[in-house]
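Keep the model open beside this text and follow along.

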Amino acid sequence: MSISDIIKGSKEFQNQTYLDHKENFIDLIDNGQKPKVLFIGCSDSRVVPNLITNSGPGDLFIIRNIGNFVPPHDVDFPSTPAAIEYAVSALEVDTILICAHSQCGAIRSLYQDLDAPEFKHVKRWLSLGQKAKNIIDLTDKSETLDEKFHNLEKVSAIFQAENLLTYPSIKERVEAGKLEIRVWHYSIRDGKIEEYDKNVAQFIPLEK
Ligand SMILES: [Zn+2]
């Protein structure tokens, strides 16, 4: 889709889609946004949070970044932590949903040489996936690279959920039962979503 298609689409939005949702938008202005869920997903254009959750305006507070990573509280990456703090302490969401996905370029890039200066920030950002990569390199017995990446996408998401607990405000709310952290893996090819069940240490398909 080119930029002229995008502009055409935005005209159609103003002429039709906006009008279909007008009351909802006005209500969200008059009464403010009160999303219950912070969705942390990948920037990948194939992962569309509102589409895969059948939700709309006001439903999800969304953070998207390369790899759906969560920097630990004491690591200096301000953008994602700022949005996390706002969602948790200002909006008081009751759920944080980390959504990993299949064919994730960030996860694959953990195995690529990114020493060129034009990837300086990418390289530093991807260090947030390093711990999970180390575990997979030590333990994974996959026969194909695709399978290995698939497992790493899931393991990384679990590590990102652990990073959330390094935020004092999150830890406190989770321990008080006011906030829940959930981990999903979305498969682009078949549209299936699995959720991590820590009781059995496995990803289980979400019931259709
Ligand atoms: Zn991705």
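Trp184 stands opposite Glu195 in strand 5. This is a predicted model, so treat each position below as computed.

Strand 4 and strand 5 pair in the antiparallel sense, over three bridges. The two strands form a hairpin with six residues between them. Look in the turn for Gly191, which has a positive phi of about 75°.

Stay with Glu195 and look across to strand 6. There, the bridge partner of Glu195 is Ile204. Strand 5, residues 193-197, is joined to strand 6 by four bridges. These two strands also run antiparallel. Another facing pair is Glu194 with Pro205 in strand 6. Strand 5 and strand 6 form a hairpin too, with four residues between the strands. In that hairpin, Ala201 takes a positive phi near 55°.

How many strands does the open sheet have, and in what order? It has six, in the order 2-1-3-4-5-6, and the pairing is mixed. The edges are strand 2 (60-65) and strand 6 (202-205), each of which pairs on one side only. From one strand to the next, the twist averages 30°.

Helices pack on this sheet. Helix 3 touches strand 1 (37-42) and strand 2. The direction of helix 3 makes about 170° with that of strand 2. Helix 7, residues 145-164, also packs on the sheet. Helix 7 touches strand 3, strand 4 (180-186), strand 5 and strand 6. Its direction makes about 155° with that of strand 3.

**Where two helices cross**

Return to helix 3, which spans residues 79-90. Its axis and the axis of helix 8 (residues 168-175) come within 10 Å. They cross at roughly 40°. Helix 3 and helix 8 are therefore oblique to each other. What is the handedness of the crossing of helix 3 and helix 8? It is left-handed.

Which residues meet there? From helix 3 come Glu85, Val88 and Ser89. From helix 8 come Ser169, Ile170 and Arg173. The residues of this contact divide into two nonpolar, two polar and two charged.

Most residues other than glycine have a negative phi.

Follow the chain past helix 3. Glu92 is found in the loop between helix 3 and strand 3 (95-101). Glu92 is not a glycine, although its phi is positive, about 55°. The exposed class stops at 12 or fewer.

Continue past strand 3. Gln103 is found in the loop between strand 3 and helix 4 (105-109). Gln103 also has a positive phi of about 55° and is not a glycine. Because Gln103 has 16 C-beta neighbours inside 10 Å, this residue counts as partly exposed. A buried residue would need 20 or more.

Definitions and conventions:
Residues numbered from 1 in each chain as written. Predicted model: local features only at pLDDT ≥ 70, side-chain atom pairs only at ≥ 80, totals over all residues. Axes fitted to C-alpha atoms, helices over the stretch in contact; angles between N-to-C directions. Parallel < 35°, antiparallel > 145°, perpendicular 65-115°, else oblique. Left-handed = near helix turned anticlockwise from the far one by under 90°. Contact = placed C-beta atoms within 7 Å. Nonpolar A, V, L, I, M, F, W, Y, C, P; charged D, E, K, R; others polar. Pairing = 2+ DSSP bridges.
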